[in-house]
Amino acid sequence: MKIVFMGTPDFAVPCLRTLAESGHEVAAVFTQPDKPKGRGYKMIPTPVKAAALEYGFEVYQPLSLRKGEDAEKSLEILRQINPDLIVVTAYGQILPESVLNAAKYGCVNIHASLLPSYRGAAPINWVLLNGEKETGVTSMQMNIGLDTGDMLIKRTTPIGENETYEELYARLSVMGGEVLAETVTAIENGTLSPEKQDDEKSCYSPMIRKEMSALDFSKSASEVHNTIRGVTGFTMLEGKRLKIFKSEIADINAPDLPVGAVTDTSVFAVKCGDGKSVIFREVQPEGKKRMKTEDFLRGKKLTIGEILGAEG
């Protein structure tokens, strides 16, 4: 089949590589425009563009597919290519109906959740924030709604008790490539059995906001732990910001200590609203590099009862 791929971040790269190594023709790759990064504001290609150039694929980076000159040019390019299939993975733009209908088999999206649950922009974050026990990847026939199209192939995976966004993101990225391979083969063989989504079972996963990372120790230990897993938490220690990347929940008996107090200095445990503690396993002090907590504690002496909090 002749396929056009649309994607932007590193999450989408395994899907592109799957197509590149499948024997199908990747006629073009669409990705978001390069962005300036670093002190020198050097223009950096998207991960998908970098991978596409490795394979020598034609790359297009329109500002918009919905309006303006870029949209008109992109639609003309698609008409000239006349693809059998358009594959979309974390592209970062809403596709107009003209693009959805530009290929023989339409547009197939690889979505990082078990649809109809967690439609929207940030499904991996929200399954962790909500403490879900499992998630997965769904391939979907795209329509004009937001992740509302018919489900094609769905694969499930358990979520580790302490698994973080970074870890789950990497696993689902690889799974996305596997689900795409199955989906393309089924399209080619005519063996798909599309399943309509039950809108009553749907939930939405909106964009993540920076303020969501502030840890509120008046909440339960599981809620604090899930915030760290889902969005990387931060708190204040002696007036300086401390990021927390990994954590665990522990039963540490400290009834006389207030919420937000250090309950164990050997492992950096902090008391939460339900009486349990969260143990920080990987942190980043303000102005320093990310490190394991044991390395942090070699240079920082904590005291039992010392209070942490987002407001300092």
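In which helix is Tyr169 found? Tyr169 is found in helix α6, where helices (H or I, at least four residues) and strands (E, at least two) are DSSP runs numbered from the N terminus. The model is predicted, so local features need pLDDT of at least 70 and side-chain atom pairs count only at pLDDT 80 or more, while totals for chains, interfaces and linings use all residues. Residues are numbered from 1 along each chain as its sequence is written, and side-chain values use heavy atoms, with hydrogens and water left out.

Tyr169 is buried, with a relative accessible area of 17%; buried means under 20% relative accessible area, exposed over 50%, and partly exposed in between (1.4 Å probe, protein chains only). Not counting residues up to four places away in sequence, Tyr169 touches Pro9, Asp10, Phe11 and Ile124, contact being heavy atoms within 4.5 Å. Tyr169 and Ile86 are 83 residues apart in sequence, and their C-alpha atoms lie 23 Å apart in space.

Thr164 sits in the loop between β9 and α6 (165–189). Thr164 is buried too, at a relative accessible area of 4%. Leaving aside neighbours within four places in sequence, Thr164 is in contact with Leu128, Arg229, Phe245 and Lys246.

Among the buried residues of α7 are His225, Asn226 and Arg229. The buried residues of α7 pack against α5 (123–129), α6, β10 (233–237), β11 (240–250) and β14 (277–285). Thr232 follows α7 and has a positive phi, near 65°.

Next comes the sheet. An open sheet of 7 strands has the order β5-β2-β1-β6-β7-β8-β9, with mixed pairing; two strands pair if DSSP finds at least two bridges between them. β5 (59–60) and β9 (151–158) stand at the edges, each with a single partner strand, so one side of each has no neighbour in the sheet. Strand β1 (residues 2–7) is largely enclosed by the rest of the structure, because 5 of its 6 residues are buried. β1 and strand β2 (residues 25–30) run parallel and are joined by 5 bridges. Val4 has Ala28 of β2 as its bridge partner. Helix α3 (residues 68–81) lies across β1, β2, β5 and β6 (85–89), and runs at about 180° to β2.

Helices also pack on each other. Helix α1 (residues 13–20) and helix α2 (residues 47–55) have axes 9 Å apart and pack at an angle of about 20°. This makes α1 roughly parallel to α2. Axes are lines fitted to C-alpha atoms, for helices over the stretch in contact, and angles run from 0 to 180 degrees between N-to-C directions. Angles under 35 degrees count as roughly parallel, over 145 as roughly antiparallel, 65 to 115 as roughly perpendicular and the rest as oblique. On the α1 side the contact with α2 is made by Val13, Leu16, Arg17 and Ala20, and on the α2 side by Pro47, Val48, Ala51, Ala52, Glu54 and Tyr55.
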